[in-house]
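Here is a report on one protein model. Please read it alongside the sequence and the coordinates.

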Amino acid sequence: MSMSPTVARRLEHLSALKVNYDVDALDLAHPGPGWHVDDRLQALPGEAPGPPEPEGSFAIASRLIRGYEFADPSLVRAHYDHDAPLEGRNMLLELRALNLVHVYVGVRVHEVYEMDFTHEGRTVHTFGWCYRTLEGHVERGQMNWEVWKWPDSGEVAFHVHAVSRPAPISNPFVRIGFRVLRSHERAAFLDSTNRRMRTFTELGLRGEGPEAIRDASDALTARSGGDPGAHDEIAGDAGRARR
């Protein structure tokens with residue numbers, strides 16, 4: 001789906017914006033008072049023990065998170081240049097809260113990584129990336145999206161880790177609405193994200209095409225009244241990711 005001129009202008013403007021918090025002062029492991037931490041781990045279909053399989057759960061989920069297909073467009077819709085590399089990509093996020101508050105905010109992908117690390121005494125192989133909030137965002141902080149595999153057992157999971165706090169908001173209607181709805185909308189978004197990632201990964205493992213992903217995206221939306229074309233776009237992105 002083509003981007004509207006207004007959205008395209010907003011996206012282009014993001015390149016002039018800076019991250020809206022002091023990156024060096026934020027300890028992601030121990031962020032301190034005022035910062036909120038979200039940490040979610042959603043089990044995905046497993047694989048055989050060992051390295052990730054070429055067309056297994058880990059590989060499919062990794063492709064899905066590259067394009068932000070996990071996002072429920074009734075809550076958050078991402079606009080970006082699909083030809084731009086993932087690392088350094090500017091993304092315009094369209095936030096929708098109960099169809100009452102509707103704002104555009106910017107984020108920038110800071111890092112893309114694939115590595116092994118130790119978690120609770122076990123080796124985990126992970127692919128992931130993170131973004132940081134830009135000037136004008138209603139929040140400040142960093143969000144990491146990852147796929148994990150435990151080589152010793154073959155377990156696979158989708159992991160989300162976010163450190164955030166509210167940013168100053170000049171518009172009083174948006175400020176009040178965001179503060180009231182923030183916790184509720186965050187939980188709704190993360191719950192929906194987990195459901196969508198598991199379902200889309202299962203569809204990918206079965207070799208289902210874009211039409212099945214489009215139908216699943218529509219069925220898994222948290223709220224009605226969104227743009228139906230968003231599901232076509234998600235299906236197209238997922239189809240491109242398979243090639």
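Strands β5 and β6 pair in the antiparallel sense, over 8 bridges. Two strands count as paired if DSSP finds at least two bridges between them. Cysteine 130 has asparagine 144 in β6 as its bridge partner. The two strands form a hairpin with 5 residues between them. In the turn, glycine 136 has a positive phi of about 95°.

Strand β5 (residues 122–133) is mostly covered, with 10 of its 12 residues buried. Buried means under 20% relative accessible area, exposed means over 50%, and partly exposed lies in between (1.4 Å probe, protein chains only).

## Basis and overall layout

This is a predicted model: local features need pLDDT of at least 70, side-chain atom pairs count only at pLDDT 80 or more, and totals for chains, interfaces and linings use all residues. Residues are numbered from 1 along each chain as its sequence is written, and side-chain values use heavy atoms, with hydrogens and water left out.

The protein has 5 helices and 7 strands. From the N terminus, the order is α-β-α-β-β-β-β-β-β-α-α-α. Helices (H or I, at least four residues) and strands (E, at least two) are DSSP runs, numbered from the N terminus. Of the 243 residues, 51% are buried. Among contacts between residues at least 6 apart in sequence, 63% join residues at least 24 apart. Contact means heavy atoms within 4.5 Å.

## The nonpolar cores

The largest nonpolar core has 41 residues. Tyr68, Met91, Leu93, Trp129, Trp145 and Phe189 have the most contacts inside it. Helix α3 gives the largest share of this core, 6 residues. Apart from this core lies another, of 6 residues, among them Val7, Leu14, Leu92 and Leu134. A nonpolar core is a set of buried Ala, Val, Leu, Ile, Met, Phe, Trp, Tyr and Cys residues joined through side-chain atoms within 4.5 Å. In soluble globular proteins, nonpolar side chains tend to be buried together.

Beyond four places in sequence, tryptophan 145 is in contact with Ile65, Tyr68, Phe70, Phe127, Gly128, Trp129, Tyr131, Phe158, His159, Val160, Phe189 and Thr193.

Threonine 193 is found in helix α3 (residues 172–205). Its relative accessibility is 0%, so threonine 193 counts as buried. Leaving aside neighbours within four places in sequence, threonine 193 contacts Phe70, Trp145 and Phe158.

Threonine 201 is also in helix α3. It too counts as buried, because its relative accessibility is 0%. With neighbours within four places again left out, threonine 201 contacts Leu44, Pro45, Ser57, Ile60, Ala61 and Leu64.

Helix α2 has 9 of its 10 residues buried, so it is largely enclosed by the rest of the structure. The buried ones are Ser57, Phe58, Ala59, Ile60, Ala61, Ser62, Arg63, Leu64 and Ile65.

Phenylalanine 58 lies in α2 (residues 57–66). This residue is buried, with a relative accessible area of 3%. Not counting residues up to four places away in sequence, phenylalanine 58 touches Glu47, Pro52, Glu114, His125, Thr126, Phe127, Val147, Trp148, Lys149 and Val156. Phenylalanine 58 and valine 147 are 89 residues apart along the chain, yet their C-alpha atoms are separated by 6.5 Å.

Most residues other than glycine have a negative phi. Which value does phi take in tyrosine 68? Phi of tyrosine 68 is positive, near 65°. Tyrosine 68 follows α2 and sits in the loop between α2 and β2 (76–79). It is buried, with a relative accessible area of 4%.

Glutamate 120 has a positive phi of about 50° and is not a glycine. Its place is in the loop between β4 and β5. Glutamate 120 is exposed, with a relative accessible area of 73%.

## The largest pocket

The largest pocket holds about 280 Å³ of space. It is lined by 13 residues, of which Tyr113, Asn144, Glu146, His159 and His161 lie nearest its centre. Strands β4 (101–119), β6 (139–149) and β7 (156–166) each supply at least two lining residues.

On a 1 Å grid over the protein atoms alone, a pocket is an open set of points where a 1.4 Å probe fits, with protein on both sides within 12 Å along at least five of seven lines; lining residues have an atom within 4 Å of a point. Grid points are joined across faces, edges and corners, and a volume is the space filled by probe spheres set on the points.
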